[in-house]
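Please read the following with the model open beside the text, and take the passages in order.

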Amino acid sequence: MTIETIYIARHGFRMNWVTDDWKSVTGLPRDPPLAPFGVDQAHELGDYFLSLPEDQRPTIILSSPYYRCLQTSVPTAQKLGLPLYVEHGLSEWYSPVTPNTGLHPRPAPAAKLQTYFPEIDHSWQSIYYPSRKGEDVTGVHDRVNGVMRALVPYIERRFDGAHKRILLVSHAATVIALTRELIADRDLPLRVSCCTVTELQRAPGETRAVGGWQPKRLADGSHLKDGPLRDWGFEDIQTVRDGEVVTDAGQPGTEDELDEPVGLQVDLL
């Protein structure tokens with residue numbers, strides 16, 4: 001049995017959009033929790049999936065390791081009784097680091113994150129790690145292409161075809177790149193709001209992990225009481241010339257840290 005449907009959701013409304021007076025629960029820089037309103041959105045997302053006929057619901061959740069994405073994933077995992085796996089390949093997109101300023105943050109392994117979210121099943125080891133040096137726009141698309149080329153067959157093989165419908169929970173840029181790569185349209189104009197849902201179905205007779213999916217819904221927020229909010233698209237990024245992305249400073253104190261692991265963890269596949 002192969003995967004037939006991929007649901008992709010963006011995290012809920014972030015606390016740092018409400019106030020500058022917030023604390024990272026994990027201690028990781030740039031890792032805000034959800035605002036109370038975002039927690040409500042996460043529950044609305046879970047209620048939406050619970051409202052679907054059982055044969056349309058996701059049966060497995062893979063989430064970015066950032067706190068806001070895990071917070072968003074938990075209500076759905078609880079309401080549907082699903083396993084929640086942490087996949088670093090679904091992480092936030094950071095633009096390239098400014099030279100000599102260190103590296104971008106990286107969340108903890110799943111076993112550590114389970115202390116915050118008991119719903120996490122840390123038997124899953126991430127199959128992909130983005131570089132802490134950041135990525136340009138092409139790079140984040142290339143990254144998710146590599147993730148999905150490995151992830152889809154790996155899930156089918158590891159779970160012996162048990163999962164026909166999967167849910168990925170990630171960030172705006174990553175969600176857009178995932179959608180574009182899966183439907184083979186890197187120029188697709190798309191903006192995503194908090195807790196919106198994209199639904200992709202595998203084309204009849206299609207066997208490719210990437211490129212053979214058809215959009216049924218794109219960034220749909222009709223299940224949200226207050227509708228889609230805080231939308232984002234790649235057209236919002238700052239560029240300098242010829243589409244080159246503005247660099248971003250690394251995290252102070254990381255200048256001597258190693259950027260590893262990086263890329264596809266082939267020993268797990």
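The lining of the largest pocket is made up of 10 nonpolar, 6 polar and 9 charged residues, where Ala, Val, Leu, Ile, Met, Phe, Trp, Tyr, Cys and Pro count as nonpolar, Asp, Glu, Lys and Arg as charged, and the others, Gly among them, as polar. This is a predicted model, in which local features need pLDDT of at least 70 and side-chain atom pairs count only at pLDDT 80 or more, while totals for chains, interfaces and linings use all residues. Residues are numbered from 1 along each chain as its sequence is written, and side-chain values use heavy atoms, with hydrogens and water left out.

The largest pocket holds about 620 Å³ of space, and of its 25 lining residues Arg14, Glu92, Trp93, Tyr94 and Trp232 lie nearest its centre. On a 1 Å grid over the protein atoms alone, a pocket is an open set of points with protein on both sides within 12 Å along at least five of seven lines, a cavity is a set of points where a 1.4 Å probe fits but cannot get out, and lining residues have an atom within 4 Å of a point. Grid points are joined across faces, edges and corners, and a volume is the space filled by probe spheres set on the points.

By this rule there is 1 cavity of 30 Å³ or more. The largest cavity contains about 110 Å³ of space, and among the 14 residues that line it, Glu92, Tyr94, Pro105, Pro130 and Ser131 are the closest to its centre. Its lining divides into 5 nonpolar, 5 polar and 4 charged residues.

Glu135 sits in the loop between strand E4 (128-129) and helix H4, helices (H or I, at least four residues) and strands (E, at least two) being DSSP runs numbered from the N terminus. Leaving out residues up to four places away in sequence, Glu135 touches Trp93, Tyr94, Ser95, Pro96, Pro130, Val140 and Arg143, contact meaning heavy atoms within 4.5 Å. Glu135 is buried at 10% relative accessibility; buried means under 20% relative accessible area, exposed over 50%, and partly exposed in between (1.4 Å probe, protein chains only). The side chain of Glu135 also makes a polar contact with the side chain of Arg143 at 2.9 Å, that is, a pair of N or O atoms within 3.5 Å, of which, within protein, one must be able to donate a hydrogen and the other to accept it, with residues adjacent in sequence counting only if both atoms are side-chain atoms.

Leu269 belongs to the segment after E8 and is partly exposed, with a relative accessible area of 38%. Although Leu269 and Ala150 are 119 residues apart in sequence, their C-alpha atoms are 7.8 Å apart in space. Beyond its neighbours within four places in sequence, Leu269 is in contact with Ile127, Ala150, Tyr154, Arg157 and Leu264.

The backbone comes last. Most residues other than glycine have a negative phi, and most peptide bonds are trans. Asp160, in the loop between helix H4 (137-158) and strand E5 (165-170), has a positive phi of about 50° although it is not a glycine, and it is exposed at a relative accessible area of 72%. Ala184, also not a glycine, has a positive phi of about 60°; Ala184 lies in the loop between helix H5 (172-183) and strand E6 (197-202). The peptide bond from Glu260 to Pro261 is cis, with omega near -5°.
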